[in-house]
Amino acid sequence: MKKHFIHILCLFLLFPLGLLAQQENDTIDRLADDFVTVSLVVCDPDEVLYSTLGHAALHLQCHTYDLDYVFTYESEGVRNKIWTFLKGDLKMGMFAFPTALFQEIYRESGRGMQEYTINLSPLQKQNLWRVMDKHVAEGANIPYDYFHRGCAKVIIQVIHEAIGKNAIHYAPWSDKYTDHTMRELACSFVDNSSWYEFVSYFLIGSEADKDYPCEEKLIVPTDLVEVWQKATFDNGMPVLDSESRVLLEATNHNEGTWCTPFLMSILLLLLAFVPWKGVDYFLLVLYTLIGALMTYLIVFSDLPCTDWNWLIVPFNVLPAVFWYWRRYWALPYACIILIWCLVMIGELLWGHVLVDWSHIVLALSFVVVLVKQFFYYRKQKKLNL
């Protein structure tokens, strides 16, 4: 009986010690470097407009609890909601995909994928996971903003939210970021005279030409990798590993197309010289459609970064509205557009990109049509006399 009592007493004494030991072991496990792993995932560009710069996401794993997710900032499907997109009503938010599913989506499109380890401390990685879970729970409830909330910029924002605003120390910024605008950085990444570049100038207004802090100019995922590999955390560790791990090999190699915007603009300029009214009216319909889009984006749409756009000068709805009185304004307006073209060419030669050559050539074809219409009217008036 006495021996039995001693056994029970020992159990009561050892049980709390066992709990303390178990809690201590759990704490040690949770603070292990590999309890949670975090990496930056960079996906290759695609041919569609919204994927031309590539994509960036965060890959978080916890082997202890068999958790493996890619957290990616996505918008609602643009292809089926073009009008919603143009109105500025498209929503976006954070989503968590099982890594295998995320990779399968990109494998089907033939896009390559690499990842770089982010050297956060164990507590910082756990805090980042909580931040990501919070954003996923909020759902797609934020207005789509490709300018201020692109994938690369969102990753910077959530890292700041998890570890502090000033926790990343950047190396001296290169001239690439100090001397160039966000528009120039984005367009220098894609092939010159691509359709992406052509369309993006219509959708992205002069806000993209402002002088922002260099960190806010990191809108291209590969630029984010380049800069973060030279940046450090408070403990002196580089933000990113220098070596990448290939998650997917690219199988879809975009070889471009011969039908470039610049070539099409040259053809339209040559077409504008054809002395036939049918050609003029075809071109005028084209200019009116472009002008209607520009007018809608600037005046009516809530789409971000469309408050002002230099392309509204040659492309707007005023020529269509006042077409009946063209004998009064056609030649003066043609002169205004010609001056605009010269200014834009000067900016390009100076190294400050506001529009590209395709838009300038297209505007010149409009000048030719307006001048022709003016002299057609003068000639018709003389015949009537």
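**View 1. Phe322 sits in the loop between helix H12 (318-321) and helix H13 (326-350).** Helices (H or I, at least four residues) and strands (E, at least two) are DSSP runs, numbered from the N terminus. This is a predicted model, in which local features need pLDDT of at least 70 and side-chain atom pairs count only at pLDDT 80 or more, while totals for chains, interfaces and linings use all residues. Residues are numbered from 1 along each chain as its sequence is written, and side-chain values use heavy atoms, with hydrogens and water left out. Phe322 has 40% relative accessibility and so counts as partly exposed (buried is under 20% relative accessible area, exposed over 50%, partly exposed in between; 1.4 Å probe, protein chains only).

**View 2. Seven strands make an open sheet.** Their order is E6-E4-E3-E2-E1-E5-E7, with antiparallel pairing (two strands pair if DSSP finds at least two bridges between them). Strand E6 (142-143) and strand E7 (245-248) are at the edges with a single partner strand each, so one side of each has no neighbour in the sheet. Look inside the sheet for E2 and strand E3 (residues 67-75), which pair over five bridges; here His59 has Val70 in E3 as its bridge partner.

**View 3. Helix H9 (residues 221-228) is largely enclosed by the rest of the structure, because six of its eight residues are buried.** Those residues are Pro221, Asp223, Leu224, Val225, Val227 and Trp228. Their cover includes strand E1 (37-43), strand E2 (55-62), strand E5 (113-117), helix H5 (151-163) and helix H6 (175-178) (contact means heavy atoms within 4.5 Å).

**View 4. Lys176, Asp223 and Glu226 are linked in a network of salt bridges.** A salt bridge is a side-chain nitrogen of Lys or Arg within 4 Å of a carboxyl oxygen of Asp or Glu. Asp223 and Lys176 meet at 2.7 Å, N to O; Asp223 is in helix H9 and Lys176 in helix H6, 47 residues apart. Lys176 also meets Glu226, at 3.9 Å. Lys176 in helix H6 and Glu226 in helix H9 are 50 residues apart in sequence, so this pair ties those parts together. Asp223 is buried at 5% relative accessible area, whereas Glu226 is partly exposed at 32% and Lys176 is partly exposed at 30%.

View 5. Arg107 is partly exposed at 43% relative accessibility, as is Glu104 at 32%.
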